[in-house]
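Me: I would like to go through a structure by question and answer. Please keep it brisk.

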Number of protein chains: 2
Amino acid sequence: MTRSPLTTGWLLLGLPLLLLDFQSNGVLASVAPREVPKNFPSISNDKMKKRLTEESMSQNIRQMEYAVRGKIVIAAEQIRDELSSENHPYDFDHVVFTNIGNPQSVGQKPLTWPRQVMALVDLPDHVGVNHPLASQMFPADAIRRAKEIKAAMACGSSGAYSHSKGVKLLREDVVKFISHRDGGVQADPEDIFLTNGASTGIVMILNALLADSTCGVLIPIPQYPIYSATIDQFGGNKVGYFLDEANGWDLNLQELERALQEARSQGINVNSMVLINPGNPTGGVLKKKTIKEVVKFCVKHKLVLLADEVYQENVYDEKAQFVSVKRVAHELGVLQKDKLELASFHSTSKGVFGECGRRGGYMELVGFDPVVKDHIYKLASSGLCSSLNGQVMTALMCRGPEPGEESYDMHEAEKQSIYQSLKRRSQIVTDGLNRIPGFSCQPAQGAMYSFPAVQLPEAAVEAAKIAGLSPDTLYALSLLERTGICVVPASGFSQKEGRFGFRTTFLPSEAEMERCVELFRSHHEEFCQKYA
Amino acid sequence: MTRSPLTTGWLLLGLPLLLLDFQSNGVLASVAPREVPKNFPSISNDKMKKRLTEESMSQNIRQMEYAVRGKIVIAAEQIRDELSSENHPYDFDHVVFTNIGNPQSVGQKPLTWPRQVMALVDLPDHVGVNHPLASQMFPADAIRRAKEIKAAMACGSSGAYSHSKGVKLLREDVVKFISHRDGGVQADPEDIFLTNGASTGIVMILNALLADSTCGVLIPIPQYPIYSATIDQFGGNKVGYFLDEANGWDLNLQELERALQEARSQGINVNSMVLINPGNPTGGVLKKKTIKEVVKFCVKHKLVLLADEVYQENVYDEKAQFVSVKRVAHELGVLQKDKLELASFHSTSKGVFGECGRRGGYMELVGFDPVVKDHIYKLASSGLCSSLNGQVMTALMCRGPEPGEESYDMHEAEKQSIYQSLKRRSQIVTDGLNRIPGFSCQPAQGAMYSFPAVQLPEAAVEAAKIAGLSPDTLYALSLLERTGICVVPASGFSQKEGRFGFRTTFLPSEAEMERCVELFRSHHEEFCQKYA
């Protein structure tokens, strides 16, 4: 039952195995092709016969990286499968997946009422809202809302393609939510695109922005890899601005100016900027003052602002508060003066809904040239429409049961319970990580992640170099093999030179997160001894 | 209540109005910017202030066309809204949308059992499969299947992101379906990508294929515009091969060779070919012999073959039969010899399910370089996964209730009823159109469309030219204004020079389709008199 995978032998012997597996079943996400060892079994004979090879395919796709579901996850899935065998070599009995913000995959229960409404929307009337037992099996407010939604759909069916931007009524619910959130700032259903999660909105707008290989987008370092991956996919330039780790991953205006000027002096046509607030992977929540500076910066330099606000409901720090970019832009008057092009994203996957499987979300486009918006609408139309279940869930996230309705109290209680537990877990993990010598972790004011910096022994950095891995990939592989915890190496989100670490969610249960903290500690000790 | 919109006055007066509307609310899909009249109210002052303009945005997106949801549809939606007013100027009381294969939007009822299973999968156990009334409200086989599906999902929840290719069990259902359909030819769950409709699969594979602006794809003329739009989007070359209208839109090998050689002689790196069978918009069903020729052609010229088989269950002609490309390739032995790279697509949106709103479907990749497949997996991963509701519906399409199970008879009866009605409607429309002087329509052996050629008066062609419209756009606008029927101009699917016509679905009810045929006839007479 025991083996010591952390010998140099494991590194040299185990690695080709992992790479082999990853060639045949896995994903090349976080490893550039040059990292494959020279003596790797060649498949060039086979490849010669193919039309589409790594050489002939789109090099943008070949080179794009996507770490959240990359190498470590593939190894983790393999280990999970091995664990079902009795004589597996591991010291643990299950893998803890903390690599991805996927709450319901690690035990978070779906909110009851939205699922009831959605099921009733999908059930044909005679076996759903009109079934004689419906009123006994479903709460009255779920039946009412389902009927309202069905009435707004073509022939009452969620099985029809909707308008390419989404069902009008559901977009109107989004608009009410935005307007209420922003203290009454108006919103327009024609500016709303219901999307498959936030992802398809982000991809559409970057697709429009990246006109050619000179175009560039300011993105934070560290950032969520959908930005780097999508910019790679469209052949644009990633222009990184460093967040200020020492100050809770704050955003610094001078650093923004530096990044922009440096890129422009290199001939990069920087036309847009990504802001992620609350931060992923950092967990930081930006102050209103900072957002004001960012808006002014974008107006001054004529940058389209992409506001990734999918964690807007995940704020745990009592002193922090989420303020939308739209609200700030309105308060500054730049929206009214039509001086800012702002794309904002939200999703059903995060918050307390955690409805990732729905692929629900929206993009709001404010201040865009109407002709450009029409072209984006055309692009959305070529994919017909987003998932109707995602559309319904987005609307239910934006408008729950009303106070006084049958499910109101239960719905609010379920939401609070998830929120309070997330808040406790954010504390457990940050505090626990900061107690480990060699770890340093900014508080997770928001989102679902902790993003500690980890000091690695010089010998480990050297060993990683020899193995053709980033040092924190070596570390994450070791953590996985020794403890069963699957994290994402910090390098997957981009890093300052010499900073190492990882991102972990705090989505598993509180007891599990407490266990994980202890494992992070014991593994780090062992790892440092190994490479002392 | 009456006006005569078909005067020259309407053409000259009405058109700027339509274009105006379409600039502010609509989509530029089928009209290139040069077609906007010179005297069109300028928004250049406003545009000057914007960072993202029609000039600075991606020109690939700007130039891509997507007619199925283009100009005519926007006009149709506007008219539909006008019809709610009492003193509208139209001779009809509702718009008939035959522009898009969207069965449930025009009255097709969803199949009951799959919706019951899906609803139970989505309902939390305590209010779903374990609710004391569940067994009275839901059939036992729906409850059993829902439990089986839930057990295969992370923590039993459809709210979790799945594996990027889709839930393994659901892919296994797809594999069984394919293998059964193809007479036992093996399939592998690792080759299956569950996708949002067929669209996201098509976009992924074209994205990988179109490495640079020299790359090209053979596509049929006429074709379904997702191919032209996506090739435009990635900056590749559309290499058209003409289908043989006189022979039921058959595919002609000499024409394929001509198209390929001509493109290659122009320096286009043609690396792939699209086959749509049954045909969209043509309704043709290819013979096995023809598919054999295509497979051999692709092997000979080393072309990746994209088989769009989303209408595989929509075959109405007793003499025709759907045979999959995979089966043919297997019978020819080229699959076993690893000589063909084949991507096949299927969807829940068509067939008798018509579940467009689910965005369910799959892509099967056979014979691809494993490394390339890994890169495509990485691309899929960057969008996390397809809609879980779409995944569930895809599996239920592939595996219905078993004979002897509670819902089997009802499910089969519902499927037959839809199928037989579609079959009758295909006949009603084709026969009806062929009785109109000046119309010529190949039989709709399959799919959901009739695609008549319509002889237009010379004066109409001239008038269209003056108005900056394609002649069949002029015709479709006229048809819409006079009858309320919304079709897609044939030019939206690409056409032989001088051929005009439109595509209509035969999805509205049989009575409605009979009424439409009569309206096609009366409008055509009127139109020809007007432009005599």
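Reply: A salt bridge here is a side-chain nitrogen of Lys or Arg within 4 Å of a carboxyl oxygen of Asp or Glu. The model is a predicted one. Ask away.

Me: How many salt bridges are found over all chains of the whole structure?
Reply: Side chains of opposite charge can pair when their charged atoms come close. The 4 Å cut-off decides what counts. A search over all chains gives 68 salt bridges.

Me: Which residue forms a salt bridge with Arg482(A)?
Reply: Arg482(A) sits in helix α18 (residues 471-483) of chain A. Its partner lies in the loop between α4 (71-82) and β1 (96-97) of chain A, 391 residues apart from it, so the pair links distant parts of the chain. The closest N and O atoms are 3.3 Å apart, within the 4 Å cut-off. The partner is Asp91(A).

Me: How many salt bridges are counted between chain B and chain A?
Reply: One of them joins Lys50(A) to Asp338(B). The closest N and O atoms of that pair are 2.7 Å apart, within the 4 Å limit. The count between the two chains is four.

Me: Which helix of chain B gives the most to the side that touches chain A?
Reply: The residues on that side divide into 47 nonpolar, 43 polar and 22 charged. One helix, residues 370-382, gives ten residues to that side. That helix is α14 of chain B.

Me: How much area do chain B and chain A bury between them?
Reply: The size of an interface is often given as the accessible area lost when the parts come together. By contact, 112 residues of chain B meet 111 residues of chain A. Carbon and sulfur atoms hold 57% of the buried area. The total is about 9,300 Å².

Me: Which residues in chain B lose the most area to chain A?
Reply: Three residues stand out on that side. Together they make up 9% of what the side of chain B buries. They are Arg51(B), Met137(B) and Tyr161(B).

Me: How many residue pairs are in polar contact across the interface of chain B and chain A?
Reply: Both residues of a pair must be at pLDDT 80 or more. A pair of N or O atoms has to lie within 3.5 Å. The rule finds 48 residue pairs.

Me: What is the order of the open sheet of seven strands in chain B?
Reply: The pairing in this sheet is mixed. The edge strands are β2 (192-195) and β4 (237-242) of chain B, each pairing on one side only. Neighbouring strands are turned by 20 degrees against each other on average, direction ignored. The order is β2-β8-β7-β6-β5-β3-β4.

Me: Which residue in β5(B) is the bridge partner of Gly216(B)?
Reply: Strand β3 (residues 215-221) and strand β5 (residues 269-276) of chain B run parallel. Four bridges join them. The partner of Gly216(B) is Val270(B).

Me: What angle does the direction of helix α10 of chain B make with that of β4(B)?
Reply: Helix α10 (residues 225-233) of chain B packs on the sheet. It touches β3, β4, β5, β6 (304-308) and β7 (342-347) of chain B. Its direction makes an angle with that of β4(B) of about 155 degrees.

Me: At what angle to β2(B) does α14(B) run?
Reply: α14(B) lies across β2 and β8 (361-366) of chain B. Its angle to β2(B) is about 20 degrees.

Me: Which residue in β14(A) is the bridge partner of Ser450(A)?
Reply: An open sheet of three strands in chain A has the order β10-β14-β13, with antiparallel pairing. Its edge strands are β10 (449-450) and β13 (488-489). Two bridges join β10(A) to strand β14 (residues 502-505) of chain A. The partner of Ser450(A) is Thr504(A).

Me: Which residue does a cis peptide bond join to Asn277(A)?
Reply: Omega of this bond is about -10 degrees. In chain A, the residue joined to Asn277(A) is Pro278(A).

Me: How far apart in space are Ala187(B) and Val175(B), C-alpha to C-alpha?
Reply: Ala187(B) lies in the loop between α8 (168-181) and β2 of chain B. Beyond its sequence neighbours within four places, its contacts are Val175(B), Ile178(B), Lys326(B) and Glu364(B). Ala187(B) and Val175(B) are twelve residues apart in sequence. In space they are apart by 5.4 Å.

Key: Residues numbered from 1 in each chain as written. Chains lettered and ligands numbered in written order. Predicted model: local features only at pLDDT ≥ 70, side-chain atom pairs only at ≥ 80, totals over all residues. Heavy atoms only, no water. Contact = heavy atoms within 4.5 Å. Buried area = accessible area lost by both parts, 1.4 Å probe. Polar contact = N/O pair within 3.5 Å; in protein donor to acceptor, adjacent residues only side chain to side chain. Nonpolar A, V, L, I, M, F, W, Y, C, P; charged D, E, K, R; others polar. Pairing = 2+ DSSP bridges. Axes fitted to C-alpha atoms, helices over the stretch in contact; angles between N-to-C directions.
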